[in-house]
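The sequence and the structure come first.

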Amino acid sequence: MIDLATGPYAALLLRLSLAGLFFAHAGLKLFVFTPAGTAGYFKSLGLPGWLAYVTIAAEVLGAAALFLGVWPRLVALALVPLMLGTIVTVHGKAGFFFTNANGGWEFPAFWIVGLLTLALTGDGALALVHTPALF
């Protein structure tokens with residue numbers, strides 16, 4: 001049974017936590033690795049360099065939407081393929097544990113679980129624009 005009095009605040013906490021993670025990931029690409037450096041890394045993986053800019057934009061816009069509560073359930077679902085991509089292209093071959101060299105896939109997989117949980121739970125308290133009925 002979900003507690004209807006506190007459930008929306010649990011979804012809010014999850015939404016803000018996921019937003020913070022995406023802001024941090026985008027910040028790493030923008031301010032530490034730089035967009036050009038991130039594009040170079042994407043190329044080294046056999047991906048097109050322009051995909052790095054799309055990824056950065058998705059992380060920033062997705063984080064902002066989650067933080068503000070703009071269609072959060074839909075945004076959470078839209079961000080799942082991004083995280084699956086990190087498993088397929090980078091973390092999957094490093095094994096399960098994130099402490100492995102190059103980071104394993106356990107953290108991105110857990111991140112996906114958080115996104116799916118938010119999509120199933122609801123927009124949460126203080127959402128500015130509620131997700132249209134999906135379920």
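Which side chain meets that of lysine 29 in a salt bridge?

## Salt bridge and basis of the model

The partner is glutamate 59, at 3.0 Å from N to O. A salt bridge here is a side-chain nitrogen of Lys or Arg within 4 Å of a carboxyl oxygen of Asp or Glu, and by this rule the count comes to 1. Lysine 29 belongs to helix 1 and glutamate 59 to helix 3, 30 residues apart, and the pair links distant parts of the chain. Helices are DSSP runs (H or I, at least four residues), numbered from the N terminus. Lysine 29 is buried, with a relative accessible area of 11%, and glutamate 59 is buried at 3%. Buried means under 20% relative accessible area, exposed over 50%, and partly exposed in between (1.4 Å probe, protein chains only).

The model is predicted: local features need pLDDT of at least 70 and side-chain atom pairs count only at pLDDT 80 or more, while totals for chains, interfaces and linings use all residues. Residues are numbered from 1 along each chain as its sequence is written, and side-chain values use heavy atoms, with hydrogens and water left out.

## Aromatic pairs

The structure holds 5 aromatic pairs. Rings of Phe, Tyr and Trp (its six-membered ring) pair if their centres lie within 6.5 Å; planes under 30 degrees apart count as stacked, over 60 as edge-to-face and the rest as tilted. One of the pairs joins phenylalanine 22 and tryptophan 111, with 4.7 Å from centre to centre and 45° between the planes, and is tilted. Phenylalanine 22 lies in helix 1 and tryptophan 111 in helix 5, so the pair ties together parts that are 89 residues apart in sequence. Both residues are buried. In the pair of phenylalanine 96 and tryptophan 105, the ring centres are 4.9 Å apart and the planes stand at 80°, so this pair is edge-to-face.

Phe22 and Trp111 also belong to one aromatic cluster with Phe98 and Phe107. Leaving aside residues up to four places away in sequence, phenylalanine 22 touches Glu59, Ala63, Leu66, Leu79, Leu82, Met83, Trp111 and Leu115, where contact means heavy atoms within 4.5 Å. Glu59, in this list, is the salt-bridge partner of lysine 29.

A nonpolar core is a set of buried Ala, Val, Leu, Ile, Met, Phe, Trp, Tyr and Cys residues joined through side-chain atoms within 4.5 Å. The largest one has 20 residues, of which Phe22, Leu66, Leu79 and Leu115 touch the most other members. Helix 1, helix 3, helix 4 (72-91) and helix 5 each give two or more residues to this core. Helix 4 provides the largest share, 7 residues.

The buried residues of helix 4 are Pro72, Arg73, Val75, Ala76, Leu79, Val80, Leu82, Met83, Ile87, Val90 and His91. Their cover includes helix 1, helix 2 (35-44), helix 3 and helix 5.

## Loops

Phenylalanine 96 sits in the loop between helix 4 and helix 5 and is partly exposed, at 37% relative accessible area. Beyond residues up to four places away in sequence, phenylalanine 96 touches Gly104, Trp105 and Glu106. Trp105 is partly exposed as well, with a relative accessible area of 33%. The C-alpha atoms of phenylalanine 96 and alanine 109 are separated by 9.4 Å, the two residues being 13 apart along the chain.

Asparagine 102 lies in the loop between helix 4 and helix 5. Its phi is positive, about 70°, although it is not a glycine, and at 67% relative accessibility asparagine 102 counts as exposed. Threonine 34, in the loop between helix 1 and helix 2, has a positive phi near 70° and is likewise a residue other than glycine. Threonine 34 is partly exposed, with a relative accessible area of 35%.

## Nonpolar surface patch

Leu16, Phe23, Phe67, Leu68, Val70, Trp71, Leu74, Leu128 and Val129 make a nonpolar surface patch of about 760 Å². Helix 1 (7-32) and helix 3 (50-68) are the elements that give two or more residues to the patch. Patches are made of residues with over 30% relative accessible area and no salt bridge; like charges are joined within 9 Å, nonpolar side chains (Val, Leu, Ile, Met, Phe, Trp, Tyr) within 5 Å. Areas come from the Shrake-Rupley method with a 1.4 Å probe, and for residues only the protein chains shown count as cover.

Valine 129 is found in the segment after helix 5 (106-121). At 37% relative accessibility, valine 129 counts as partly exposed.
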